[in-house]
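Hi there,

Here is the structure I promised to send over. Have a look at it first, and then read on for what turned up.

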Amino acid sequence: MSKLSRKRSKKAGLPPGTLIYTGEKDQEPIKITVMDYDEKHFFEHEIEHVEECFEYRDKLSVTWINIDGTHRADIIESIGGHFGIHPLVLEDLMSVGQRPKMESYDSYAFIVLRMLIHNDQTNEVSDEQLSLIIGHNFIISFQESGIDGDVFDPIRIRIRDGKGYIRRMKADYLAYVLIDLVVDNYFSIVEKLEERTEEVEELLLADPTSRNLHEINLLKRKLIFVRKAFWPLREAIGILERGETDLFSQNTLLYLRDVHDHIIQLIDTIDSLRDIISDMMGIYLSSISNKLNEVMKVLTIISTIFIPLTFLAGIYGMNFEFMPELKSRYGYPVLWLVIFTVGISMVIYFKRKKWF
């Protein structure tokens, strides 16, 4: 598989922004689908050669080009060259560990998002990079792999069936819908984390164990992971909302304001869950400490009861010849009577004091 060097071309003596290859080009195919539509017509197909999508750049209709896989540097460069995408943006497309952000250029906007995927079988949350190139009449979406599917099937169905406003709107509205679907998917992920947090909290209150501690730490890592996916997105959507690019109409900016509110709501929810998990950690430590205190209290009571009994046994365990009780016929049973009396008396005393 070909690799894209992250070293700046300045170090290699090449023009700034030039992509540097460190191996042979990867010939593994990627999937490219095109949806072209307006209010009256719709066309969708999967293309075999990247050159087939070049004709859609200057069309009056809205075109959505979706690319599953960013490992083919030759294809990414070809698309970037035809659509006039800056080399630094192409580098970010292939460097899939990017932080969510928004960058505005002369004829297009570049947005990076993290698309979260929840595996119901393993209960794990993974993410992949989603990059959007937004032009006046086209959108190019780059998905890191697309192997596990995406969250865009509802919008594909709406475009095919002509439902809602989507077919009557421009590319900026399509961009809003794509971003909104990604953010809505965050809500489903956070909801699952909320449910799991409640389950762990119930288990913790019922019987705190080391397994609960493992679950708490796992939830904490998941929350941090999920929060990192959409926390920077607030700033990116805020830039769009302020109208710093002319690619979005005033009507679409109102919708983006709603997306911005949703992101703030998600951040507040995650922060609340983090506080709950921190409290759960405190509950666990307190429960373990209380258990230890209970054990120590029982051991202390037992030790306290046996102190006078040990004293009596020690006295009569001395082998002095002139101990009068040693010659007594009833000395042994009397000693046992005294021992039992002292022991039972101390237990009754501790019970009345509610020490156990």
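**Confidence and helix packing**

This is a predicted model, and the protein chain has an average pLDDT of 83, with 91% of the residues scoring at least 70. Among the elements of the chain, strand E9 (residues 138–143) has the highest mean pLDDT, 93, while strand E2 (residues 20–21) has the lowest, 36. Across residues 1–25 the pLDDT is below 50, and this stretch makes 45 contacts in the model beyond near neighbours in sequence. A word of caution when you look there: where pLDDT is low, the predicted coordinates should not be read in detail.

Now to the helices. Two packed helices are described by the angle between their axes and the distance between the axes.

Take helix H5 (residues 210–241) and helix H6 (residues 250–315) to begin with: their axes come within 9 Å and cross at roughly 160 degrees. Angles over 145 degrees count as roughly antiparallel, so H5 and H6 are roughly antiparallel to each other. The crossing of H5 past H6 is left-handed. In their contact there are 22 nonpolar, four polar and seven charged residues.

The other pair is helix H1 (residues 73–83) with helix H2 (residues 87–94), whose axes come within 10 Å and cross at roughly 145 degrees. Here H1 passes H2 in a right-handed crossing. Which residues meet in this pair? From H1 they are Ala73, Ile76, Glu77 and Gly80, and from H2 they are Leu90, Leu93 and Met94. By type, the contact of H1 with H2 has five nonpolar residues, one polar and one charged.

Best wishes

Technical notes: Residues are numbered from 1 along each chain as its sequence is written. This is a predicted model: local features need pLDDT of at least 70, side-chain atom pairs count only at pLDDT 80 or more; totals for chains, interfaces and linings use all residues. Side-chain values use heavy atoms; hydrogens and water are left out. Axes are lines fitted to C-alpha atoms, for helices over the stretch in contact, and angles run from 0 to 180 degrees between N-to-C directions. Helices (H or I, at least four residues) and strands (E, at least two) are DSSP runs, numbered from the N terminus. Angles under 35 degrees count as roughly parallel, over 145 as roughly antiparallel, 65 to 115 as roughly perpendicular and the rest as oblique. A crossing is left-handed if the near helix is turned anticlockwise from the far one by less than a right angle, and right-handed if clockwise. Ala, Val, Leu, Ile, Met, Phe, Trp, Tyr, Cys and Pro count as nonpolar, Asp, Glu, Lys and Arg as charged, and the others, Gly among them, as polar. Contact means heavy atoms within 4.5 Å. pLDDT is the predictor's confidence in each residue, from 0 to 100.
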